[in-house]
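Subject: Structure handover

Hi,

Here is the structure I promised to pass on. Have a look at it first, then read my notes below.

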Amino acid sequence: MEELAEKLNLPADKLKEAVANNNQAVIDHQDKEFGKEAYRITPIKKKPYYGCILGGRILCTFDGLRINTKMEVLDENHDPIPVLYAAGNDAGGFFWGSYNDRVPGLAASYAHVWLGNLLLD
């Protein structure tokens, strides 16, 4: 674990702590740190250990501002808020329940379609 931490330029004690927390989440069947679904947590317990540095690449969230078919942002009663519009990645709920994982680039086409509709109207 120390060798991996050194190669990734991470504090070894923090990496060990993260691995211990992960392994405890497996035992508890619950990820209290990040809310990951239990079936996605796997134990980290035998060598060799591998690691890599990743950067963010998700282009949307699966929640956010609720909109209607005119791209008007809706309030808590589902009524349009005057002169407030949202499209693409700012408009939430479109992908809710459609995918059981976060997929990079998923909302790119959605953003283009809604922006095109806005410009055409």
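In what order do the elements of the protein run from the N terminus on? The order is α-α-β-β-α, and the secondary structure comes to three helices and two strands. Helices (H or I, at least four residues) and strands (E, at least two) are DSSP runs, numbered from the N terminus.

Two notes on how to read the rest. This is a predicted model, where local features need pLDDT of at least 70, side-chain atom pairs count only at pLDDT 80 or more, and totals for chains, interfaces and linings use all residues. Residues are numbered from 1 along each chain as its sequence is written, and side-chain values use heavy atoms, with hydrogens and water left out.

Now the overall numbers. The protein has 121 residues, of which 22% count as buried. Buried means under 20% relative accessible area, exposed over 50%, and partly exposed in between (1.4 Å probe, protein chains only). If you take the contacts (heavy atoms within 4.5 Å) with a separation of 6 or more, 44% of them are between residues 24 or more positions apart.

Helix H2

H2 covers residues 12-28, so to speak of its length: 17 residues, and 24 Å from the first C-alpha to the last. That is close to the 24 Å expected at 1.5 Å a residue, the expected span being 1.5 Å times one less than the number of residues. The buried residues of H2 are Leu 15, Val 19, Asn 22, Asn 23 and Ala 25. They sit on the same side of H2 because they cover an arc of only 155 degrees around the axis (the arc is that of the directions from the helix axis to the C-beta atoms). What do they pack against? Their partner is helix H1, residues 2-8. On the face turned away from the buried side you will find the exposed residues Asp 13 and Ile 27.

The largest pocket

The largest pocket holds about 490 Å³ of space. It is lined by 24 residues, and the closest to its centre are Leu 15, Ala 18, Val 19, Asn 22 and Ile 44. H2 gives the largest share of the lining, eight residues, while H1 and H2 each supply at least two. Grid points are joined across faces, edges and corners, and the volume is the space filled by probe spheres set on the points.

Salt bridges

How many salt bridges does a search of the whole structure find? There are four, counting a side-chain nitrogen of Lys or Arg within 4 Å of a carboxyl oxygen of Asp or Glu. Side chains of opposite charge can pair when their charged atoms come close. Here are some of them:

- Glu 3 with Lys 7: the closest N and O atoms are 3.2 Å apart. The two are four residues apart in H1, so about one helical turn separates them. Glu 3 is exposed at 55% relative accessible area, and Lys 7 is exposed at 66%.
- Lys 14 with Glu 17: the closest N and O atoms are 3.8 Å apart. They are three residues apart in H2, again about one helical turn. Glu 17 is partly exposed at 42%.
- Glu 37 with Arg 40: 3.1 Å, N to O. Both ends are partly exposed, Glu 37 at 39% and Arg 40 at 28%.

Most residues other than glycine have a negative phi, and most peptide bonds are trans. These are worth a look against that background:

- The peptide bond from Lys 47 to Pro 48 is cis, with omega near 0 degrees. Pro 48 is in the loop between H2 and strand S1 (72-74).
- Met 71 is not a glycine, yet its phi is positive, about 65 degrees. Met 71 lies in the loop between H2 and S1 and is buried, with a relative accessible area of 3%.
- His 78 has a positive phi near 70 degrees. His 78 lies in the loop between S1 and strand S2 (80-85) and is exposed at 58%.

Cheers

Methods
1 Å grid on protein atoms, 1.4 Å probe; cavity = no way out; pocket = protein on both sides within 12 Å on 5 of 7 lines; lining within 4 Å.
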